[in-house]
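These are my notebook entries on one protein chain. I went through the model by topic and wrote down what I looked up.

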Amino acid sequence: MIIGNRDELIQATQEIVRIASVKDASAGEGKPFGEGIARALEYALAKGRELGFKTENFSGYAGHIEFGEGPETLGVLCHLDVVPAGEGWSMDPFGGEVIDGKLYGRGTIDDKGPAMAVLYGLAALKDSGWQPQRRIRIILGCDEESGWDCMHHYLPIAGKPEIGFTPDAEFPVISSEKGILMVELSGALQCPKGIELVDIQGGNRPNMVPDRCRVKLRGIEDEGLLVKTATKIGAKMDLERDESGITMVFKGVSAHGSMPETGVNAISYALAMLHHLGFEQGIINFLYEHIGFSHDGRGLNIEVKDAFGPLTANMGVISLEDNRVKVLVDIRYPVSFTQEQILDRLTAGLSADVTLLSHGGKGPLHVDGDSQLIQILQRVYEKHTGEEAKLISIGGGTYARALDNAVAFGPVFPGQTELAHQPDEYISVSHLVKLAEIYGEAIAKLGRPGRD
């Protein structure tokens with residue numbers, strides 16, 4: 001399939017990336033997740049209408065772009081919200097610049113670029129005269145990076161598509177997704193004699209490896225000791241001093257929380273520094289001794305794995321309030337385990353002075369490889385790449401879990417660097433166009449079942 005409006009696809013992706021669709025507190029009527037996300041949704045829906053499709057906005061929680069009729073619905077689930085930009089960018093994270101064939105910006109790969117590729121792939125189908133036997137809906141969620149309130153609102157009203165895929169993970173085809181559990185560990189702060197921990201703040205979201213952690217201390221005058229200790233533990237750190245104390249800013253490398261091994265956790269270095277300064281009691285010591293620089297859950301009694309991969313645990317956010325330190329931990333557990341099993345193991349591994357609060361999560365996903373959905377997507381992938389479409393399992397959680405028969409399909413090709421949630425996120429222009437071709441054909445095959 002040829003994408004005739006290639007330049008329009010690129011321009012639309014640039015324009016929607018320039019909308020800072022980060023969840024914020026500016027909620028209002030029709031804008032439950034803030035002004036930026038509401039603008040991104042209306043932009044996408046307007047683009048859908050411009051291309052000749054029917055659209056509907058579901059009170060700002062989500063929307064869909066629709067084509068065709070039929071007794072069943074094929075849903076392609078995308079999201080328009082993005083995580084905060086974070087630190088470490090070499091260019092404007094919401095600039096949508098194209099440099100050396102790469103389109104840069106937060107959301108280019110996760111998930112605005114793929115959403116636009118799906119839209120223009122469907123537009124190419126429509127313009128060719130193709131008619132589906134299933135109703136086609138491009139579903140645009142607005143709270144995927146947080147609590148999925150978008151899907152909780154949308155699906156009871158619009159109904160669940162009978163079959164679908166989401167362009168929000170990796171190729172070839174993802175048949176399994178690990179379970180997701182977010183927990184809060186907290187405990188009373190205990191400081192060594194002569195040192196006061198005034199504040200500790202780090203991370204943006206539990207599902208991001210934190211790239212910054214600020215620690216403010218009172219009672220230490222020797223900056224040289226701090227610099228020497230930072231060198232010893234391998235930390236990148238800046239120092240700031242004022243009349244109220246000294247602040248250390250630890251620097252890490254952001255990454256997706258489902259792959260903590262690909263990032264550098266700034267909170268881990270902050271805990272290591274505090275441990276070396278004498279914080280050997282209470283919650284700080286527990287977090288250092290039982291999590292520290294690990295991401296496999298071994299110190300928390302939850303190191304498990306199965307044929308689909310091991311458990312991962314990411315310390316995503318740390319804070320201090322009312323003399324209690326609180327850490328949010330994002331856990332991704334293998335598909336053969338349950339949330340209850342992980343919580344039971346975790347509870348058994350905690351010390352008496354650490355409090356556990358579960359914030360819940362999403363159960364694992366597994367779709368049989370013999371299903372029509374997976375086999376069609378495998379054939380589409382193999383046709384466009386010439387490579388075997390192996391089934392894979394991931395730690396990320398996608399909208400595929402929202403349906404009864406859906407999987408994740410792209411957009412990252414094997415061997416490509418995973419840039420979701422990282423600084424200088426980009427998608428190459430050639431990659432974007434290739435996605436439109438692949439997703440267009442996937443819609444064509446799934447939209448007329450039995451004719452592939």
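**Cis bonds**

I looked up Pro 411 and found it in strand β23 (residues 411–412). Helices (DSSP runs of H or I, at least four residues) and strands (runs of E, at least two) are numbered from the N terminus. The peptide bond from Gly 410 to Pro 411 is cis, with omega near 10 degrees. I noted a cis bond from Phe 171 to Pro 172 as well, with omega near 5 degrees. Pro 172 sits in the loop between β8 (169–170) and β9 (173–177).

**What I am reading**

This is a predicted model, in which local features need pLDDT of at least 70 and side-chain atom pairs count only at pLDDT 80 or more, while totals for chains, interfaces and linings use all residues. Residues are numbered from 1 along each chain as its sequence is written, and side-chain values use heavy atoms, with hydrogens and water left out.

**Positive phi**

Most residues other than glycine have a negative phi, and most peptide bonds are trans. I wrote down two residues with a positive phi: Ser 59, near 60 degrees, and Asp 322, near 50 degrees. Ser 59 is in the loop between β1 (54–58) and β2 (62–67). Asp 322 is in the loop between β17 (312–321) and β18 (324–333).

I then checked accessibility, where buried means under 20% relative accessible area, exposed over 50%, and partly exposed in between (1.4 Å probe, protein chains only). Ser 59 counts as partly exposed because its relative accessibility is 44%. Asp 322 has 71%, so it counts as exposed.

**Lys 251**

Lys 251 belongs to strand β14 (residues 245–251). Which residues does Lys 251 contact, leaving aside its neighbours within four places in sequence? I listed Asp 211, Arg 212, Lys 236, Asp 238 and Ala 266, where contact means heavy atoms within 4.5 Å.

The side chains of Lys 251 and Asp 238 are joined by a polar contact of 2.8 Å. A polar contact is a pair of N or O atoms within 3.5 Å; within protein, one must be able to donate a hydrogen and the other to accept it, and residues adjacent in sequence count only if both atoms are side-chain atoms. I also looked up Gln 422, which is 171 residues from Lys 251 in sequence and 14 Å from it in space, C-alpha to C-alpha.

**Asn 265**

Asn 265 is in the loop between β14 and α6 (266–276). Is Asn 265 buried or exposed? At 14% relative accessibility, Asn 265 counts as buried. A polar atom of the Asn 265 side chain lies 3.0 Å from the backbone oxygen of Met 315. Beyond its neighbours within four places in sequence, Asn 265 is in contact with Val 209, Pro 210, Asn 314 and Met 315.

**Whole protein**

I counted 10 helices and 24 strands in the protein. The C-alpha trace spans about 75 × 45 × 45 Å along its principal axes. Of the 452 residues, 60% are buried. I took contacts between residues at least 6 apart in sequence and found that 77% of them join residues at least 24 apart.
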